[in-house]
Amino acid sequence: MQPSVTYLHLLKHTPFFTSLTTAQLRWVIGHSHEWEARAGSVVAQCDGGAADARDQAIWILLDGGWQIEAGGHAYPADHASAGKWFTATVTNRSCRVVTTEHSYVMKIERADFDAMLAQDFAFGPHIEAGRRYYADLFAAPAALAP
């Protein structure tokens with residue numbers, strides 16, 4: 001992946017961010033890193049253990065597509081689906097997030113994301129939809145685990 005520039009006029013049309021004010025969008029831009037990723041790029045990886053607790057960053061799919069690979073299965077998502085954000089803390093199982101096409105992704109460190117939530121950034125519906133999605137995805141029977 002290579003660093004990319006985040007443009008306010010594009011970010012405000014990204015589903016995760018459409019409810020934010022211009023000032024909030026500027027705050028996001030100042031407290032995040034955008035990356036351009038070719039198809040097949042590994043965005044995040046979960047080892048299913050304590051190491052994941054160190055990487056609590058939030059990844060958001062801005063454009064393109066990615067899939068969560070876990071238990072020998074792939075679960076695709078795009079920027080408008082419930083799986084449009086990811087953090088390794090959603091599971092204690094091994095998994096990885098891999099782009100399925102040319103994509104743009106954003107990484108927000110956990111402390112910065114917590115600050116956004118404390119400032120009432122309107123992420124609630126997106127976060128809740130993602131929580132339900134990941135709870136279902138990672139609740140698969142242990143027989144499917146790698």
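The model is predicted: local features need pLDDT of at least 70, side-chain atom pairs count only at pLDDT 80 or more, and totals for chains, interfaces and linings use all residues. Residues are numbered from 1 along each chain as its sequence is written, and side-chain values use heavy atoms, with hydrogens and water left out. Helices (H or I, at least four residues) and strands (E, at least two) are DSSP runs, numbered from the N terminus. Buried means under 20% relative accessible area, exposed over 50%, and partly exposed in between (1.4 Å probe, protein chains only).

**Ile68**

- Ile68 belongs to strand 5, residues 65-70, and is buried with a relative accessible area of 0%.
- Arg96 is 28 residues from Ile68 in sequence, and their C-alpha atoms are 5.8 Å apart in space.

**Helix 2**

- The buried residues of helix 2 are Gln24, Leu25 and Val28.
- Seen down the helix axis, these residues fall within an arc of 100°, so they line one face of helix 2; the arc is that of the directions from the helix axis to the C-beta atoms.
- An α-helix has 3.6 residues a turn, so residues three or four places apart point the same way.
- The buried residues of helix 2 pack against helix 1 (8-11), strand 9 (103-108) and helix 3 (110-118).
- On the face turned away from the buried side are the exposed residues Ala23, Arg26 and Gly30.

- Gln24 lies in helix 2, residues 22-30, and counts as buried at 15% relative accessibility.
- A polar atom of the Gln24 side chain lies 2.9 Å from the backbone nitrogen of Thr21.
- Apart from neighbours within four places in sequence, Gln24 is in contact with Ser19, Gln119, Asp120 and Phe121.
- Asp120 sits in the loop between helix 3 and helix 4 (124-137) and counts as exposed at 64% relative accessibility.
- Asp120 has a positive phi of about 65°, although it is not a glycine.

**Val5**

- Val5 is in the loop between strand 1 (2-4) and helix 1, and is partly exposed with a relative accessible area of 49%.

Methods: Polar contact = N/O pair within 3.5 Å; in protein donor to acceptor, adjacent residues only side chain to side chain. Contact = heavy atoms within 4.5 Å.
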